[in-house]
Amino acid sequence: MNRNFTLLVASVFAVGALTNCQNTTEAPAPVAETVFYGDTSVRAELFDDPHSYSTAESVVSRLYWEADVDFEKQIIRATALWTLGGKSIGDSIVFDTKDLKIKQVKVSGLPAQWHLGKSDALLGTPLVVMLNQGDKEVVITYETSAESEALQWYPAELTQGKRMPFLFTQSQAILARTWVPCQDRPGVRFTYGAKVKVPKGMLALMSASNPTQKSEDGIYEFSMPQPIPSYLLALGAGDLAFIELGERSGVYAEPEMVRNAAFEFSQTEDMISRAEYLYGPYYWGRYDMLVLPPSFPFGGMENPRLTFLTPTVIVGDMSLTSLIAHELAHSWSGNLVTNATWNDFWLNEGFTVYFEMRIMDAVYGPDFADMLEALSYDDLQRELAVMLEEDPDATRLKQNLEGRNPDDAVTAIAYDKGFHFLKLCEQTVGRERWDAFLKGYFDTYKFKTRVTEEFLQELAGLMTQEEWNTVGVEEWVYGKGLPANCPFPASNRFYIVDEAVKMLLGVSPEDPDAKSMVYLEQDVTIRWTTHEWLRYIRGLEAGGATVGHYRLADANYGFTGSPNPEIVAAWYTAILKTDFEGFDPKVYEEKVESFLTTVGRRKFIVPMYASMLEGDEKRQAWAKEIYAKARPSYHPLSQQTLDQLFADHQ
Ligand SMILES: [Zn+2]
């Protein structure tokens, strides 16, 4: 832990709203002198983290975690040995816990005085441990419970090989506390080591140095020498195999899938080099990936050294590897320079989407990146339309999530509005100046934490007053909706798709020649990637396609039977809004049900259920019936989102 880090931690906690102990830290160190064209009066609230009970008094710097993973009982029995760090060790230390059974707490080898505070449904329960002068270690022995939300236990029947069960964790945003008692806020970083026991025949992996082969006794040791925030703690275990992709990258997956995964992600090494060329060294040693069962709620999770990935991107043509670029980009934006609180989440995600586009541009060329940017713009417009009606405040880049689940901020605002803002900054100052600025930013603040206002100060150091005003920085960051100067991404490849959509919508589906009239020759579509097909399907939807039009499209391109989950999900989402008259309902309903009971990725299943719930009573009852069946196989995060969706449609 270096000096700057200690200073920052002290200032992070100095004004914490949850501080309930006497505050012995000094006032925050003054931020480096730069010109700030905006309003600086918000500084007093900068380091306020409304999502952790931990306080400034005592801060951890290292974890040693010993765990026994019991697949039969679906619990983890563990001991967390926390080393205290920083200068300001007070007379107590506070950890975040949620749904953990605390068995014993020791301080410096002796039984400690400790108690659990009042529980909160969102934040869990503070664990307060009393300290004496000179104490350096707190050892907490505990068990997880059936309610531990970060843990998803997956029965053997639902894995590819059906031989062994599977476990994976998802700690972001505030779920690390459901499997490790910790100071669960992005503002606290620590290194860690671990020793984990799993059933024999399984491989265990963490966001750390990893084994590539199964051990005889099911015991594995891990080391993470770089300091990380708690939301990047991760564990996965199952029947896994490894294939090396390059000097410092590889992929873990079930043996049935690992070869396909290695093919799909074969450009990873190239992406790492391109990313380093753009924004400086990759600081984490190896970059490996773990392919999870299909119930994983996200596309990917940027656990350092070991990105967790949905299997739904393995489609055989490498067209969805922008997801790898995204998770890899987090090795700089997010993991290296981290949002200080979840209110600053756009600093993690907006930067990462921007960086992802730049990697894709470097690897696949500008035409490809243009498509991704256009899709990002579409996503943003779609979500904005809803959000501006339902919750306009949530459309600001800088969020106020006090009392709310930080998961609520996982919207197109942080990702796509954030991206477009940074794109506009790039266009305004020019790519050369912008790249040098970002490279310097990542280097200066590596392994540190930033709030929005600190980034803005840096930005003010880069821009002239005129450039600052041209961009309209404050309106972008603090204003609602999308400023009028948002860059509009044009894509040549999508232009062709849009023409094809117009052609289809221009015919009458009843015309006996309609099918051949709108058929696109193979020499056009053979080069189409997933993105073009998505644009096509969304174009039909936006253009008011009738069931007849959809039937024509399906007859020509076989969307219903597509092996590509992105295409299938977009297709069902569109079709389920119609009465799908003319499609064989029996076959169709089976396919929808089979998709929804196997795939748990929120991006796919939430819009599909939403489409069904827009239908008549019969359709709604059908949605409820499928959800009842599928719910147990979904991750708690997907369950939460869907429970809310169904409650809204009561
Ligand atoms: Zn991300």
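Trainee: Which residue of β2 is the bridge partner of Ala67?
Mentor: In general, strands of a sheet pair through backbone hydrogen bonds, either parallel or antiparallel. Here Ala78 in β2 is the bridge partner of Ala67. Strands β1 (residues 59-70) and β2 (residues 75-85) run antiparallel and are joined by eleven bridges; two strands pair if DSSP finds at least two bridges between them. Strands (E, at least two residues) and helices (H or I, at least four) are DSSP runs, numbered from the N terminus. This is a predicted model, where local features need pLDDT of at least 70, side-chain atom pairs count only at pLDDT 80 or more, and totals for chains, interfaces and linings use all residues. Residues are numbered from 1 along each chain as its sequence is written.

Trainee: What is the strand order of the open sheet?
Mentor: The seven strands follow the order β5-β4-β8-β2-β1-β11-β13, with mixed pairing. At the edges, β5 (110-111) and β13 (219-229) each pair on one side only.

Trainee: At what angle do the axes of α19 and α21 cross?
Mentor: Axes are lines fitted to C-alpha atoms, for helices over the stretch in contact, with angles from 0 to 180 degrees between N-to-C directions. Helix α19 (residues 602-613) and helix α21 (residues 636-648) cross at roughly 15°, their axes coming within 11 Å. Therefore α19 is roughly parallel to α21, as angles under 35 degrees count as roughly parallel.

Trainee: Which residues of α21 make the contact?
Mentor: Residues are in contact if their C-beta atoms, placed from the backbone, lie within 7 Å. Ser638, Thr641, Leu642 and Leu645 of α21 meet Arg602, Ile605, Val606, Tyr609 and Ala610 of α19.

Terms used: Angles under 35 degrees count as roughly parallel, over 145 as roughly antiparallel, 65 to 115 as roughly perpendicular and the rest as oblique. Two residues are in contact if their C-beta atoms, placed from the backbone, lie within 7 Å.
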